[in-house]
Amino acid sequence: MSAAGSSNPEFVVARVRARRGQLYGDEEYRKLVRMTPAEIARFMEESSYETEVNALGSRHGGVDLIEYALNANLAKQFEGILDWSEGSLYDLIARYLRKFDAWNVKTVIRGVYTGASQEAIEVDLIRAGEFDDRRIRRLLEADSIEAVVEALEDTIYGEPLRAAYAEFEESDVLVPLENAVDRAFYERLLENLPGGEPIRQYEAFLKAEVDFRNATNALRLARSGAEIDPAEYFIEGGELFTRDTLARLARNVDELVEYIAESQYADELGPALRELEEVDSLIAFEHATDAALLAYGDRLGTIHPVSVTPVISYILAKERETENIRAIARGKEAGLSADEIESELVIT
Amino acid sequence: MAKDVKPTRKNLMAIEDRIELSERGHDTLEQKRDGLIMEFMDILDQAQDVRSDMADDYETAQRKIDMARAMEGDVAVRGAAAALKEHPEITTQSKNIMGVVVPQIESSKVKKSLDERGYGLLGSSARIDEAADAYEELLESVILAAEVETAMKKMLEEIETTKRRVNALEFTLLPQLYENQEYIEQKLEEQEREEIFRLKKIKAKKEEEEAKEEAEAEAAAAAAAVEEPEAAD
């Protein structure tokens with residue numbers, strides 16, 4: 001419910017365990033990859049997505065219905081977890097779920113920038129973060145980027161957005177604003193974490209996430225050959241890079257790949273790095289980082305059963321389920337074969 | 001047709017001039033047609049390559065965007081697209097291939113670097129970069145295809161026009177002029193023959209009249225000679 005009061009992991013973990021049991025397993029995925037989008041929607045309607053599919057069925061159809069139902073269910077699940085949580089547990093969960101606030105802020109900014117209607121923006125929001133309905137309403141009612149920045153004044157995005165707004169006004173490009181929002185999220189992810197072994201496990205996971213994000217962005221920059229200062233895109237808090245290392249390595253793909261291949265992530269990312277040399281694509285690398293994070297998440301769920309870690313593990317598994325179902329539905333819509341879709345799924 | 005022409009020597013000379021001009025024009029147009037066909041064949045090869053590249057680029061781009069929509073979600077892909085500020089621009093100039101004016105399309109702001117696409121790097125993925133890359137390449141292929149295929153279409157139109165002109169000269173105008181020339185020549189020859197015949201006739205008649213007059217004169221002279229001695233007596 002809030003960061004005040006004492007932590008209640010027993011209560012939250014018990015409920016999360018029950019919800020974890022509702023997640024789709026290998027058997028369901030095997031069935032889903034052989035279904036048409038309409039059959040997938042029907043299958044979802046007969047499982048834990050019933051409410052969302054029925055509620056959205058009159059407004060959306062086909063794969064859009066599946067995607068919006070997945071997002072709505074994800075938001076409902078995570079909102080519930082935040083509602084149950086108290087004390088430091090709330091803070092630990094909220095700092096990860098703020099990624100959805102960042103998503104919503106970027107969606108509103110992009111919507112205002114392109115002159116999209118309030119309804120069109122609202123339908124794309126995923127209300128799984130910390131923002132309450134009042135804040136979301138204020139954001140949706142903003143008629144300019146400046147109004148969006150003002151509506152976020154008292155949040156973690158207020159200061160960085162205010163700083164980036166001048167640059168936006170000068171260039172009329174959203175990059176500084178979007179980067180400010182994402183940086184605000186990532187930099188508070190590892191800020192002032194309390195002590196204790198479960199938290200150390202959680203911290204290791206968050207650091208891996210920051211490291212993977214830094215590694216992916218460095219590879220994207222190095223391969224693009226764009227005249228961009230890599231240090232500008234460095235996220236503090238990880239263990240793999242320092243600002244200077246990243247700035248140096250992002251200018252040379254080979255050195256960067258070698259550096260990652262010799263790091264603590266060699267086992268998880270090694271095969272994907274080798275594939276990177278053969279195929280001119282970063283997708284396999286991103287796939288490998290997703291799989292590595294999911295494996296971390298699964299380990300988190302078993303080491304300390306009554307702590308924040310099983311909750312985070314569930315959040316990751318739920319996110320992955322959403323991504324997998326969406327990938328299957330969109331893949332089917334695009335005419336991909338079952339094998340091709342299966343190769344894109346990240347299941348542990 | 002030929003009967004509409006007056007069979008005069010002046011008309012014959014005018015027709016001969018037109019035949020000479022038409023034959024020269026026919027040769028020139030034939031050369032132009034052959035040249036255009038050769039240029040067209042080069043452009044056709046290029047157009048086939050460009051079209052095949054465009055089909056490949058389209059397939060790649062479609063696949064990349066399908067994968068991006070599948071893995072990142074349609075909302076994320078639409079959001080990234082909405083962040084774009086600088087839209088591609090094209091300017092057209094023209095160039096001349098054997099008298100045919102074809103467009104030359106220059107594009108700008110099609111290929112963009114990561115920081116020019118508008119979406120933030122920290123919160124986006126390589127799938128969106130790759131879909132954007134693939135679509136930028138597709139757009140370049142489309143622009144090139146538009147240039148080459150418009151040139152090809154214009155060349156084809158010009159070849160058709162030239163071919164029609166060559167055929168009109170070869171199968172309509174020149175045969176008609178030759179026919180007129182022959183008609184006038186025949187008519188003139190006929191007139192000449194008639195003239196000769198007429199002259200011969202006149203000459204014969206004249207000679208006949210002269211002979212008659214001479215005979216009469218001789219007869220008169222003979223009669224006078226007979227009368228003179230009688231008077232002397």
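Reply: B:K109 counts as partly exposed, at 36% relative accessibility; that label covers the range between buried, under 20% relative accessible area, and exposed, over 50% (1.4 Å probe, protein chains only). Its partner is B:E86, and the two form a salt bridge whose closest N and O atoms are 3.1 Å apart. A salt bridge here is a side-chain nitrogen of Lys or Arg within 4 Å of a carboxyl oxygen of Asp or Glu. B:K109 sits in the loop between strand 2 (100-108) and helix 3 of chain B, while B:E86 sits in the loop between helix 2 and strand 1 (89-97), so the pair ties together parts that are 23 residues apart in sequence. Helices (H or I, at least four residues) and strands (E, at least two) are DSSP runs, numbered from the N terminus. B:E86 is partly exposed as well, at 37%.

A word on the ground rules: this is a predicted model, where local features need pLDDT of at least 70 and side-chain atom pairs count only at pLDDT 80 or more, though totals for chains, interfaces and linings use all residues. Residues are numbered from 1 along each chain as its sequence is written, chains are lettered from A and ligands numbered from 1 in the order in which they are written, and side-chain values use heavy atoms, leaving out hydrogens and water.

Now for B:K111, which lies in that loop between strand 2 and helix 3 too. B:K111 forms a salt bridge with B:E137, with 3.3 Å between the closest N and O atoms. B:E137 belongs to helix 3, so to speak across a gap of 26 residues, and the pair links distant parts of the chain. Both ends are partly exposed: B:K111 has a relative accessible area of 38%, and B:E137 comes in at 39%.

A:R330 and A:E333 meet in a salt bridge (3.1 Å, N to O), and both lie in helix 17 (residues 308-333), three residues apart, about one turn of the helix. A:R330 is buried at 2%, whereas A:E333 is partly exposed at 43%.

B:R78 forms a salt bridge with A:D124, for instance, with the closest N and O atoms 3.1 Å apart. Over all chains, the count comes to 43 salt bridges.
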